Amino acid sequence: MDTALYLTRRLLQSLAVILIVTVVVFCLLHALPGGPARGILGPQATNEQIAAFNHEQGLDRPLPVQYVYYLHTLLRGDLGTSYTLNEAVSRLIEQRLPKTLVLTVLSALVGLVLAIPLGMWQAVRRNKPVDYVVTTLSFVAYSTPVYFLGLLLILVFTQTLRWFPSQAPQGDTLSQVFSNPVALVLPVVTGAASMIAVFSRYMRASTLDNLAEDYVRTARSGGSRPFAVLWRHVFRNSLTPVIAMLGYYVPVLFGGALVVEQLFNYPGMGLLFWSAAQSSDYPVLLGCVLVISVATVIGTLLADIVQRIVDPRVKAERT
Amino acid sequence: MTAVLQTTPALEPVPGYRLSLRRFARNRLALAGLVAVVLFLLFCFVGPLIYSTDQTHTDLTQVNLAPSGAHLLGTDAVGHDELGRLMYGGKISLLVGLAAGVLATVIGTLWGAVAGYAGGWLDAVMMRIVDAGIAIPALFILLVVSAITTPDTLGLIVILGLVSWLVPSRLVRAETLTLKSRDYVLTLRAIGGSHGRAIGRHILPNSVSTIVVAATFQVADAILLVAYVSYLGLGVQPPSTDWGGMLSAGLTAAYSGRWWLIVPPGLAIILVVCAFNAIGDGLRDAFDVRGRG
Amino acid sequence: MSVLEIEDLGVTFSTETGDVPAVRDVSLHVRPGETLALVGESGSGKSTVALAAMGLLPGNARVSGRISVDGTPIVGADDRELSGLRGRTVSMVFQEPATALDPLTRVGAQIAEVVRNHRQVSRAEAARAAVDLLRRVGIPEPEHRASAFPFQLSGGQRQRVVIAMAIANSPGLLIADEPTTALDVTVQAEILDLLRALAADSGTGVLLVTHNMGVVADFADRVAVMLEGEVVETGTVEDVLLRPSHEYTRRLLAAVPRLAVDEPRGAGTAGEDPQEPEGSTSVVELRDVSVHFGRGRRTVRALQNVSLSVRPGETVGLVGESGSGKSTAARVALGLLRPDSGSVALFGNDLGRTRGRARRSLLSGVGVVLQDPVASLDARMSVAECVAEPLRVHRRGMTAVQRRERVAEVLELVRLPRGLAGRGPRELSGGQRQRVSLARALVLEPRLLVADEPTSALDVSVQRTVLEVIAELQGELGFACLFVSHDLAVVQEFAQRVVVMRAGSVEEEGPTMTTLLRPETEYTRRLIAAVPVPDPVLQRRRRVSLGLEASA
């Protein structure tokens with residue numbers, strides 16, 4: 001039926017996007033000084049080694065052919081080997097990604113749970129002092145670099161007040177991470193702050209739009225009280241466009257995770273990426289970019305599907 | 001009166017310039033933002049003429065001093081005067097931010113207008129590329145690029161612009177789609193008007209408000225992005241600096257209580273970005289533009 | 001005692017641009033079981049009065065005077081009291097069914113909400129009541145339909161749902177604000193029948209707000225005419241419609257296009273069969289054109305093997321309801337849409353095969369006027385620039401001075417002052433804008449004018465002016481006209497031939513008078529029967545005879 005058509009379409013679109021991402025990463029791989037050979041063999045490799053490697057890997061073949069090879073490698077799950085850590089990139093990512101996901105998902109949840117009621121409240125109390133105050137605070141939160149906020153939080157809460165530890169939970173497994181929830185608070189709050197600011201604005205705008213809609217008038221003329229109308233009708237209608245925005249916010253969340261992990265020394269993908277950037281560990285860098293981009297595309301797809309479930313009218317011709 | 005069986009919904013007239021200006025003037029937050037931006041521009045560009053300090057040579061006798069009469073905001077780890085450095089760094093932050101923001105808007109506008117007007121498969125392909133660009137977090141790409149090269153200021157502007165044009169392109173595309181099916185464009189096409197005329201005389205001029213709002217938000221985002229980039233050590237190199245770089249340099253100092261090295265640049269970033277966001281918000285309300293993307 | 005009593009009502013809105021007095025010293029009443037029609041054009045304040053009676057005015061409204069519904073005062077009542085009244089003692093049906101319902105809640109639930117607002121019943125009982133109400137308003141398979149979402153229903157069905165919500169608790173007063181304006185005329189007839197039956201059944205008083213005199217004649221017992229916030233005339237429907245005493249009422253009634261339904265009353269230029277010389281090339285001709293949108297299961301066949309033509313100097317009226325394909329056909333004729341099969345010929349040339357300069361030159365012989373007065377002109381250009389645009393496209397050689405002269409000439413043609421050229425569209429009224437649109441269409445002296453619902457968005461009195469201008473100019477300049485409209489009365493007055501479309505095909509065509517007075521197909525007959533005439537006596541007779549016909 002319609003849903004099947006919609007899903008197929010979206011899946012194909014997502015696949016196309018992922019393909020384009022691989023093209024971008026492929027180009028970056030070849031933009032490296034010394035080419036991918038150096039990227040894989042390392043800065044110490046001699047010219048002969050590089051030439052041999054190139055020939056072996058078929059790197060003297062035309063680019064489109066190499067790209068197909070590259071795709072083939074990717075599909076096997078091979079993302080190359082880190083030469084500073086001497087491990088397969090895919091293994092490294094496998095280890096670190098869940099932790100980053102914990103951080104981002106928690107930040108997102110906290111952000112949404114706070115932002116949505118806040119935004120609605122602002123819309124109902126439009127232009128009253130409360131609205132102005134929260135709007136201003138949102139602007140400030142949105143304009144603060146994540147690391148600055150994190151820094152301030154560390155200074156206040158760990159150094160001065162000593163409520164929280166300055167490092168996020170260490171450890172390799174998720175259970176180790178969860179065994180120290182207190183240490184997760186500051187990182188999650190830091191990650192969630194900008195999200196709260198952004199999404200409360202979205203929710204406010206969406207709610208304001210919906211409050212002006214005809215169906216609100218119809219409900220009120222049937223005798224429904226304002227709060228009932230808000231809860232029964234306006235809320236769900238306001239939520240749908242906000243959920244749609246969620247998909248586009250995923251890359252921002254990951255970007256924030258990069259900074260947060262570095263600041264709080266949290267052993268997730270962000271920190272891995274950060275260290276790899278310091279040591280020019282290209283395979284890791286590019287592998288991370290690929291994985292995160294794919295995660296974003298999946299995130300957007302999920303957000304769209306959720307929106308479709310909540311709102312049965314979402315049409316498939318949205319590009 | 002109202003129309004029966006309309007094929008397109010009746011529009012409300014777009015507010016004229018005077019009405020928009022008045023609306024903007026009534027938005028206190030936006031006005032405050034405008035004032036703040038002007039003050040900062042003066043501070044960074046005119047300030048050094050009044051309060052001149054040496055930002056290139058180090059002076060190891062004046063290292064890490066707290067704020068005093070001689071150095072109003074203290075000095076940093078190599079002896080530079082902090083207040084002067086704030087002005088100096090601000091020049092770069094603002095310049096790069098403004099330029100990158102405008103560049104991103106220009107690229108995005110062209111891309112979005114073409115995609116929106118062309119429609120069909122060209123639109124689909126162009127938008128998939130945009131989706132791919134959005135899927136790759138900007139910060140990650142910037143780090144990768146920095147591992148390959150170290151750009152100069154111009155290079156930095158270009159790279160930031162290339163990373164940020166995606167959002168304006170979606171906004172302009174949406175606007176173009178709407179305008180393309182407006183009656184006055186349809187009428188023009190029906191009597192033989194060219195595509196060029198439709199875009200140049202009708203679609204782009206009517207998109208100006210969307211573009212201006214997008215540009216303002218892009219500048220805000222760009223200044224923030226510059227701050228991130230410099231903080232991560234990829235931006236301008238010493239002795240040059242910008243606010244983000246000052247934060248990066250002052251990081252270790254923060255733990256030892258030398259607050260004057262991080263609070264001023266941090267506050268400066270927050271205030272300027274906030275100001276541009278407030279202006280953008282005010283403009284959007286004044287022009288009745290939809291969506292932030 | 002009246003169910004609605006309004007005394008000296010005054011409403012002022014405070015807007016960005018200052019205070020706007022919308023209603024001044026309005027007094028009226030509605031008795032149980034009677035229908036009072038409140039008529040007026042845009043800006044008359046009639047909708048404001050209706051909203052005021054429900055206490056639903058927006059926050060920037062200042063109200064003075066007295067309103068009481070079933071004895072309870074409305075002005076100054078707090079929200080709690082008003083909520084108690086709304087949906088129980090007084091209900092409202094709104095104009096736009098497309099947006100009147102919550103898109104994310106099933107229709108049964110929305111009706112049940114109204115029930116539970118005022119009666120202490122369980123969810124299950126309310127749901128059952130909702131199904132009953134759906135049946136009462138004529139929705140087939142009500143048990144099944146109750147779980148539908150609004151977007152799954154047609155416009156007419158959605159309006160029935162809104163009516164169901166309005167009568168759920170048997171209110172003493174029903175306020176209907178343009179309840180059928182957004183609906184097709186056949187659906188309109190059904191909805192009006194429904195409202196009439198419901199009102200008669202339960203002795204409900206009805207305040208019917210409308211601009212359509214035909215609807216008034218069909219439905220109302222008494223009429224109040226509003227102009228610029230004041231009531232200028234009140235009386236029984238026969239008195240006001242047949243023997244109007246106020247100047248404005250007379251003007252309004254004279255401006256209403258009347259559908260001739262009896263043979264002898266046929267008037268206007270459409271009297272005789274047109275005599276066109278055989279063999280003259282059509283100005284525009286669609287041959288066997290088909291257009292479809294979408295793919296696969298969701299294909300919409302907008303046009304199916306449609307053939308029609310317009311000959312030099314004649315006006316062809318293209319009529320139909322929504323979804324009939326008339327606008328699509330017009331767009332195909334303009335070359336804006338490429339047909340999937342069939343051919344389009346403009347001035348004898350196949351449009352599908354002409355390109356580039358030849359095509360442009362062909363299109364310069366066409367003038368276009370579209371429906372929406374706001375969207376038809378680019379607000380960023382002055383009137384002069386708007387009108388001169390075709391000159392810039394096709395007559396590049398003209399100097400600025402020559403262009404200015406031509407613009408002034410053509411503005412005069414459409415009876416607009418020359419001085420308007422320097423103004424912006426924002427400063428013009430709807431009627432003025434449409435005339436500017438017309439001026440732009442005529443500036444190149446076209447051989448064909450395509451007008452797609454050019455007056456549908458205008459007030460009735462303004463509509464008359466614009467239509468007269470078009471007719472006059474056609475007489476002077478001799479262009480052919482393809483006139484798309486849903487309004488049969490207008491088409492009858494101005495078109496020599498009429499093409500009736502339905503669901504993408506041509507249902508019937510022929511000379512206007514013949515086709516509209518003696519239609520051949522059942523559909524056309526129903527279409528004509530559904531159009532109410534602004535003469536209550538005649539309308540009653542029609543209803544009776546049509547009713548007898550239907551049951552015969």
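**View 1. Helices α5(B) and α8(B) cross in a left-handed sense.** This close-up, like the others, comes from a predicted model. The two axes, those of α5(B) and of helix α8 (residues 166–180) of chain B, come within 9 Å and cross at roughly 145°. On the α5(B) side, the residues that meet the partner helix are B:Val130, B:Gly133 and B:Ile134. On the α8(B) side they are B:Leu166, B:Ser169 and B:Arg170. Sorted by class, the residues of this contact are 3 nonpolar, 2 polar and 1 charged.

**View 2. Chain B touches chain A.** Here 39 residues of chain A are in contact with 34 residues of chain B. On the chain B side, at least two residues each are supplied by α5 (120–135), α6 (138–148), α10 (195–231) and α13 (263–287). Helix α5(B) gives the most, with 9 residues. The class count for this side of chain B is 29 nonpolar, 2 polar and 3 charged residues.

**View 3. Chain A touches chain C.** Chain A brings 17 residues to this contact, and chain C brings 26 residues. On the chain A side, the elements that give two or more residues are α10 (214–221) and α11 (226–264). Helix α10(A) has the largest share, 6 residues. This side of chain A is made up of 2 nonpolar, 7 polar and 8 charged residues.

**View 4. Chain A is built from helices, with 0 strands.** Its secondary structure comes to 13 helices. Of the 319 residues of chain A, 44% count as buried. Contacts between residues at least 6 apart in the sequence of chain A were also sorted by separation, and 69% of them join residues at least 24 apart.

View 5. Over residues 177–199 the chain is 87% helix and 0% strand, with the end C-alpha atoms 28 Å apart. Over residues 242–264 the chain is 100% helix and 0% strand, and here the end C-alpha atoms are 30 Å apart.

**View 6. A:Trp121 lies in helix α5 (residues 89–124) of chain A.** Is A:Trp121 buried or partly exposed? A:Trp121 counts as partly exposed because it has 16 C-beta neighbours inside 10 Å, while a buried residue would need 20 or more. A:Ser238 is 117 residues away from A:Trp121 in sequence. In space, the C-alpha atoms of A:Trp121 and A:Ser238 are 12 Å apart.

View 7. The average pLDDT of chain C is 89, and 96% of the residues score at least 70. Over residues 265–273 of chain C, pLDDT stays under 50. For residues 265–273 of chain C the model has 15 contacts beyond four places in sequence. Where pLDDT is low, the predicted coordinates should not be read in detail. For the model, the scores are ipTM 0.84 and pTM 0.85.

Methods. Residues are numbered from 1 along each chain as its sequence is written. Chains are lettered from A and ligands numbered from 1 in the order in which they are written. This is a predicted model: local features need pLDDT of at least 70, side-chain atom pairs count only at pLDDT 80 or more; totals for chains, interfaces and linings use all residues. Two residues are in contact if their C-beta atoms, placed from the backbone, lie within 7 Å. Helices (H or I, at least four residues) and strands (E, at least two) are DSSP runs, numbered from the N terminus. Ala, Val, Leu, Ile, Met, Phe, Trp, Tyr, Cys and Pro count as nonpolar, Asp, Glu, Lys and Arg as charged, and the others, Gly among them, as polar. Axes are lines fitted to C-alpha atoms, for helices over the stretch in contact, and angles run from 0 to 180 degrees between N-to-C directions. A crossing is left-handed if the near helix is turned anticlockwise from the far one by less than a right angle, and right-handed if clockwise. A residue is buried if 20 or more other C-beta atoms lie within 10 Å of its own, exposed if 12 or fewer, and partly exposed in between; C-beta atoms are placed from the backbone. pLDDT is the predictor's confidence in each residue, from 0 to 100.
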